[in-house]
Amino acid sequence: MTARSFCVIAHRWAGLSISGFVIVVGLSGALLAFFGEFNRWLSPELFPPPHPGATLDAATLARRAEAIAPQARIDTIYLGNPGTVVIGVSARPGGAPLSYNQLFLDPVSGAELGRRKIGAWPRRLQEAMPFVYRLHMTLAVGEIGAWLLGVASLVWTIDCFAAFYLTLPPPGEHARKSYLQRWRASWVLKRSGSFYRLNVDLHRAGGLWLWAALFVFAWSGVYMNLNSVYSRVTETFFDYQQPLYFLDAAPTHEREAPMSWEAARERGRALLDEKATAHGFTVLAEVALYRLHESGLYEYRVRSSRDIGEKYGQTAVWFDAATGALRQFALPTGLRAGNTLTTWLYELHKANVFGLPYRIFVAITGLATVVLSVTGVYIWLKKRTARRAAARDGRRALRGIPAAATQGRH
């Protein structure tokens, strides 16, 4: 078997096996490129525009949430959305179940904006975009869906190289045109020709023009959903620190009471101030304070001068919830080459760089992946039909029955 024939078979079955996954993530990803805009449109009461005034700090907002919903356990305080603060809540141990798991507060006054329940299926418009996000990340079925998408992303990553190889002119082909002139045909969409020819050109040329973006989305999908594989590959070539949230962080002081929200915020700020002095960056804005109950940790996250994303922030420290001992420090860029590369992959995947033009490009690419999947399946079906027809004609020829003799019987 030649390398080309092997790649043909590999590309065929890889494409067929992941086509359904690619269609789901392509459509949902096209919507998620404008996640914030859709959220504000579908639930303006929860995502109002920002208004003048000093934003309250994370610890103060946590206390406001506790006063508003005393029956809930406050888990996360997220300040990354302009105009609103998202408080993640859960039922207290031994307490009654809650009818919501997110509480929204005004970042300036601390007043309640609303509540919503992120569940298996959206029941109201305000739950639509969170469902699209879960569909994109986990097929909306949790860990099993995330693992399936991780495997599909890995297959897609490998298939990117097989597909690229198949666009190259066959080796040893004798022609008057140069190699590059012959390869140029793979980049062109021919307007004349049959419907089948149009699908072949769409599949081949579309994949070539978008190859770099498709590879970025596929490989970053492995990072997010099959991180053990991503980490092993990245560590082989670069200095890389696997993020703590992908590790099994066992609690170190599970019987000790955690420090207060105020103490946790101050500890997080102190740790980041130390790191900022040591590594030469500036803290720009507070983004989140998370109480990670199962691992006995706090996470304090900010936006810093080392963040490349236009929104949110990935500069963070994780520390023991009881003692304040530092467990991990994450700097998006400039510290480790592998983490810098990963940050770029992640932000490109999230459409969080290069402004509106890139977000439009990401949305178009999401739709294009659907076209590539559909055209790939169509090409396979046509070829399979032709192969079966040729096989039937061959069997008839062996029996001495002309192929034309059976035409029209069905």
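Student: In strand 3, which residue is the bridge partner of V86?

Tutor: The model is predicted, so local features need pLDDT of at least 70 and side-chain atom pairs count only at pLDDT 80 or more, while totals for chains, interfaces and linings use all residues. Residues are numbered from 1 along each chain as its sequence is written, and side-chain values use heavy atoms, with hydrogens and water left out. Strands are DSSP runs of E, at least two residues long, and helices are runs of H or I of at least four, numbered from the N terminus. Two strands pair if DSSP finds at least two bridges between them. Here, the partner of V86 is F104; strand 2 and strand 3 (residues 102–105) run antiparallel, joined by 4 bridges.

Student: How many bridges join strand 1 to strand 2?

Tutor: There are 6, and these strands run antiparallel. R73, for instance, has S90 in strand 2 as its bridge partner. In the hairpin of the two strands, with 6 residues between them, G83 takes a positive phi near 95 degrees.

Student: Why is strand 2 described as largely enclosed by the rest of the structure?

Tutor: Buried means under 20% relative accessible area, exposed over 50%, and partly exposed in between (1.4 Å probe, protein chains only). Strand 2 (residues 85–91) is so described because 6 of its 7 residues are buried.

Student: Is S231 buried or exposed?

Tutor: S231 counts as buried because its relative accessibility is 2%. This residue is found in helix 9 (residues 227–237).
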